[in-house]
Amino acid sequence: MKEIYKLIIDQEKQLHLHANRTNNQLVSQLLDKDFLEIWYSWKTYNFNSTLNDLSKENNNWVIISSKNYNFYTIDKNTILITYESANNKSWKFSKYAKRSSIWIEIEGIWKLRFHQATSILNFSE
């Protein structure tokens with residue numbers, strides 16, 4: 001199971017990098033076709049709107065830092081992860097969030113089905 005957790009963290013972190021976020025081919029490989037995201041603003045995005053928005057993203061100066069990953073196995077093909085993140089610009093952090101993602105395995109490939117970010121004040125200790 002640890003190998004699967006490592007793979008999921010690696011895939012999640014790929015989506016934290018600007019160069020990857022604006023690469024529709026890579027994002028399409030990581031997201032499930034039924035993908036749903038709920039943003040801080042409570043706006044919802046699906047697979048197509050996410051690809052459209054990310055391809056236009058221009059804040060390449062932002063690095064998303066993340067930590068405190070936790071895993072919850074829902075069933076053998078479904079894993080919920082939670083973690084904390086913050087935008088990192090020259091080691092000045094902003095936009096802290098508690099994030100949750102549901103990853104599903106389809107024919108041996110792990111894809112992101114659901115993601116939500118909720119604002120928090122700071123990283124927990």
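Start by selecting Glu 107: this residue is exposed, with a relative accessible area of 79% (exposed is over 50%, buried is under 20% and partly exposed is in between, with a 1.4 Å probe and protein chains only). You are looking at a predicted model, where local features need pLDDT of at least 70, side-chain atom pairs count only at pLDDT 80 or more, and totals for chains, interfaces and linings use all residues. Residues are numbered from 1 along each chain as its sequence is written, and side-chain values use heavy atoms, with hydrogens and water left out.

Stay on Glu 107 and check its backbone: phi is positive, about 50 degrees, although this is not a glycine. Most residues other than glycine have a negative phi. Glu 107 sits in the loop between β5 and β6 (109–119); helices (H or I, at least four residues) and strands (E, at least two) are DSSP runs, numbered from the N terminus.

Next, jump to Lys 95, in strand β5 (residues 92–106). Lys 95 is another non-glycine with a positive phi of about 50 degrees, and it is partly exposed, at 47% relative accessible area.

Now show the whole sheet. Six strands make an open sheet with mixed pairing, ordered β2-β1-β6-β5-β4-β3 (two strands pair if DSSP finds at least two bridges between them). β2 and β3 are at the edges with a single partner strand each, so one side of each has no neighbour in the sheet. From one strand to the next, the twist averages 15 degrees.

β3 (residues 63–75) and β4 (residues 78–89) pair antiparallel over 10 bridges, forming a hairpin with two residues between them. Pick Asn 70 and you'll find Thr 82 of β4 opposite.

Select Leu 36 and its bridge partner in β2, Asn 46.

One of its side-chain oxygens comes to within 3.1 Å of the backbone nitrogen of Asn 48, at the start of α4.

Which residues of helix α4 (residues 47–55) are buried? Select Phe 47, Thr 50, Leu 51 and Leu 54. Look down the axis of α4: these buried residues fall within an arc of 100 degrees, so they line one face of the helix (the arc is that of the directions from the helix axis to the C-beta atoms). They pack against α2 (18–21), α3 (24–30), β1 (31–38) and β2 (44–46), with contact meaning heavy atoms within 4.5 Å.

How values were computed. A polar contact is a pair of N or O atoms within 3.5 Å; within protein, one must be able to donate a hydrogen and the other to accept it, and residues adjacent in sequence count only if both atoms are side-chain atoms. Axes are lines fitted to C-alpha atoms, for helices over the stretch in contact, and angles run from 0 to 180 degrees between N-to-C directions.
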